[in-house]
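I opened my notebook for a look through this one, strand by strand. Here is what I had on screen.

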Amino acid sequence: MPAYPLRSGDDILLPSCAACGRWRWPGGEICRDCGGVTIGPARWTGPATVLAEVRVHRGVPAANLEHGPYEVVAIDLGGLRFLTRWGERPDPVRRGQRCTLRWGRVGDTDWPLAYPQDA
Ligand SMILES: [Zn+2]
């Protein structure tokens, strides 16, 4: 099983069931919704909405606190809940707010970061 999310250029590839089309995180071999056995990478195109945000002050390895404290945002990617950080944090942050994901750097790792999206 590949380590998701996968990157293809600027595209974000997430595990999806070929039989029912639902997102499957963290992937796996069998879809828990339809029993399909073809879970593979699919291009995520949106939409995304903010579910919640928390500010992390401590308990994180020093190597990950380069800009700490920092916010972790939970977003819904169309049936898939995803945790990430902001690439550009809106102020204020509202539950249900539309956002999108774009690749960015967290420490020395590429990771999809959240960006606000105008309604
Ligand atoms: Zn399925």
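Entry 1. In what order do the five strands of the open sheet stand? I was looking at a predicted model here, and I kept that in mind throughout. I read the order as 6-5-4-7-8, with antiparallel pairing. Next I checked the edges, where I found strand 6 (81–84) and strand 8 (109–116). Each has a single partner strand, so one side of each is left without a neighbour in the sheet. I also looked up the twist, which averages 30° from one strand to the next.

Entry 2. I then went through the pairings inside this sheet. With strand 5 (residues 70–76) it runs antiparallel, joined by seven bridges. With strand 7, strand 4 is also antiparallel, and two bridges join them. I picked T49 to follow across: its bridge partner in strand 5 is D76, and its bridge partner in strand 7 is R98.

Entry 3. How many bridges join strand 7 to strand 8? I noted eight, with strand 7 covering residues 98–106 and the two strands running antiparallel. One of the residue pairs I wrote down is V106 with T109, the latter in strand 8.

Entry 4. Strand 1 (residues 6–8) pairs with strand 2 in the antiparallel sense over three bridges. The two form a hairpin with two residues between them. In that turn I checked G9, and its phi is positive, at about 65°. S8 has D11 of strand 2 as its bridge partner.

Entry 5. Is strand 2 mostly covered or mostly open? Mostly covered, I found: five of the seven residues in 11–17 are buried. Strand 2 also pairs with strand 3 (residues 39–44), antiparallel and over six bridges. Here I noted I12, which stands opposite W44 in strand 3.

Entry 6. Last, I looked at the loop between strand 2 and strand 3, where G27 is found. Why does G27 count as partly exposed? I get 16 C-beta neighbours inside 10 Å for G27, and that is why it has this label; a buried residue would need 20 or more, and an exposed one 12 or fewer. I also took one distance from G27: its C-alpha atom is separated by 8.9 Å from that of P41, 14 residues apart along the chain.

Methods:
Residues are numbered from 1 along each chain as its sequence is written. This is a predicted model: local features need pLDDT of at least 70, side-chain atom pairs count only at pLDDT 80 or more; totals for chains, interfaces and linings use all residues. Helices (H or I, at least four residues) and strands (E, at least two) are DSSP runs, numbered from the N terminus. Two strands pair if DSSP finds at least two bridges between them. Axes are lines fitted to C-alpha atoms, for helices over the stretch in contact, and angles run from 0 to 180 degrees between N-to-C directions.
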